[in-house]
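This report describes selected local features of one protein model.

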Amino acid sequence: MKSIKLFSLSVLLLFFSKVTAQEFKLGKVSIAELEQKVHPKDSAAVAAVLYKKGKSRIEYDQTDGFVVLTDVETRIKIYKKEGYNWANHSVWYFNTSNLTEKVFFTDAYTYNLVNGKIEKTKLKSEGTFDEVLDKVRGQKKITMPNVKEGSVVEFKYSVKSPSRMIREWNFQSSIPVNYSEFSTYIPEYYVFNPRQKGYIFPKVTATKNNKSITLTSKERSEGRVIRTEYSTEKVEYIESQNTYIAQDFPAMKDEAFVNNMDNYVSSIEHELAMVKFPNEPLKPYSTDWNSVAKTIYDYDTFGPELNKTGYFEDDLEVLLAGKNTPEEKILAILNHVKSNVKWNKYTGYDCDLGVKKAYKEKTGNIGDINLMLTAMLRFAGLNADPVLVSTRSNGISLFPNRNAFNYVIAAVETPTGYVLLDASDKFSIPNVLPVHCLNWYGRLIRKDGSSEEIDLMPKKPSLDTVFMNYTIDADGKITGKTRRQCTDYNALVTRDNIDGVKEETYLERLENENNKIEISEYSRTNEKEILLPMIESYSFTGNDLCEVIGGKIYVNPMLFFTESQNPFKQEIREYPVDFKYPFADKYNIIIKIPEGFAVETLPAPAVIAMADDLGTFKFNIASNDGTLQLMISNQINEAIISTEKYEMLKEYYKGMVAKETEKIVLKRI
């Protein structure tokens, strides 16, 4: 029996090596592919990309001129029910008056093995959908039919785009990728900057091809008989072909505290740098960050909008009366915009409605709101400029290109540094931006078109301070009171979490998250006073917060605030740890032990400190006449921690969890 298993494994591995080397073709699904039960190199994989091939060609269209034609073929193996969603696929496209793309799905089939024979099911029209994503984008989506464990699905899609757009290609995914190939075919008239990202890279080959296009023109002759004469001209040019091949790329593994996994996926981007047609002046596009910033500033929907003031002047003159300091002016203008213009949930660094219309209609996108804010700050005599941002969901803006940004905020330069502002979030205050903006660096653009990099990451720790006192009775029941005070980003997140949520629903969630405690006398302080700390207070009781064994009581002194598991379990960390912002969690806890009991065991005091002032954990406990007092703190001083420091951080959390989970033991006397 054992030899049969070994033989099966060897056949499986032989099949896999052949699959990765063969010439893949749509419609040529094999029985071996359908029989495969698990991925040879990742037994936990719910699905795998058997192959994915794409070609992006810039070709001449007689009607539209040069366009980008992208063809993609994909074959995916489904191993488990959890992988069924991989039988669905969507492709987004631009759909605006001046930027239109077209997407077509073809050759979509599901393959299953039925009684030893391949059963082929074609995608029908009811499995194809066309959806609106937002004002500028739609998506074509397919849901493959007859999908089961063991199915293989394959499909092809084509995208027609303007000549300046080559789509990003990902060589990795959250499932293994056996083979991925991407080729670009670019005429000599276009110069693109290819940018690779990720931790593993495909192999690249480059060749030159001789190409030609035939241009057809028509001319009407005047005279007794009007004639249309056609003429043709053959134009020859050199085409650059680059092919990227990735084989056996592992699945992207999710890790705790990762900003956006897409930042680390092995991929290739192409940014148009310039266009140089014969007998025409060279037209530069994005070559560096300064040119990107200047290009954006010159958009009609960006720079000129900052110069419009006539719509708010009267309101601001009244608003600023008696406001003399920069701090007073900044806060007054920020609150004025937040109160009068609501965010419509559309991002974008430039205006949609335009600042004047947005102010009148009291709604707008991010560009409308924060460019309006910038204009008002300038009107008040402050040195204000817009800052281009890429949100966390949009990824890190690694390479110079206009599409790297999808958001804009305002910055006011002061003698002590920049004050960063966003009027789209009602809980945001100066230098406390919405969390989705905390994405490494932005780019500030000045009036003269110059720019500079701006650090978006907070440096000041946000506080979460807990005061708790509780009493343990002889049966192990605990009753107590908690007061929790949050500042800065912790306050913003807390306010976001409770905003619009019924108190009853919120308290039910809080009880369930905290060992099924019962909460009473709940109150909030400074819920709307966003410049002040957010405070929550409540009384609680719990029957399952400690253990009574053999007449002794065992209790974790931090109760439901205990950090019980180390979030950092990987031996090797591939991606930076992203805490979003520095923080300091502090606990002041007083415990009243029951009458007739004494302390048998107390956790020992401890201090754990990381090098370079990265963070410090302190644990101290004292006993005095039936009362225990704990002082505990965990402070992390950097929002982003590099992989080089991961081992140190992992050991820090290991020590902290070990200390927090040590129990107090009480014995009868």
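## Positive phi values

Lys 362 lies in the loop that connects helix 7 (355–361) and strand 17 (363–364); helices (H or I, at least four residues) and strands (E, at least two) are DSSP runs numbered from the N terminus. The model is predicted: local features need pLDDT of at least 70 and side-chain atom pairs count only at pLDDT 80 or more, while totals for chains, interfaces and linings use all residues. Residues are numbered from 1 along each chain as its sequence is written, and side-chain values use heavy atoms, with hydrogens and water left out.

Most residues other than glycine have a negative phi. Lys 362, not a glycine, has a positive phi of about 65 degrees, and its relative accessibility of 45% makes it partly exposed. Buried means under 20% relative accessible area, exposed over 50%, and partly exposed in between (1.4 Å probe, protein chains only). Asp 248, in strand 13 (residues 227–249), also has a positive phi, near 55 degrees; it is partly exposed at 31% relative accessibility.

Three strands, in the order 3-7-6, form an open sheet with antiparallel pairing. Strand 3 (88–94) and strand 6 (128–132) are at the edges, each with a single partner strand, so one side of each lacks a neighbour in the sheet. Two strands pair if DSSP finds at least two bridges between them. Strand 3 and strand 7 (residues 137–143) are joined by seven bridges, and Tyr 93 has Gly 138 of strand 7 as its bridge partner.

Helix 9 (residues 488–498) is largely enclosed by the rest of the structure, because eight of its 11 residues are buried. Among them are Tyr 489, Leu 492, Arg 495 and Ile 498. The cover over the buried residues includes strand 23 (462–472), strand 24 (478–486) and helix 10 (503–513), where contact means heavy atoms within 4.5 Å. Gly 500, which follows helix 9, has a positive phi near 75 degrees.

## Aromatic pairs

Rings of Phe, Tyr and Trp (its six-membered ring) pair if their centres lie within 6.5 Å; planes under 30 degrees apart count as stacked, over 60 as edge-to-face and the rest as tilted. The count by this rule is 39 aromatic pairs. Trp 92 and Phe 94 are edge-to-face, at 5.0 Å centre to centre with 90 degrees between the planes. Trp 92 is partly exposed at 32%, whereas Phe 94 is buried at 18% relative accessibility.
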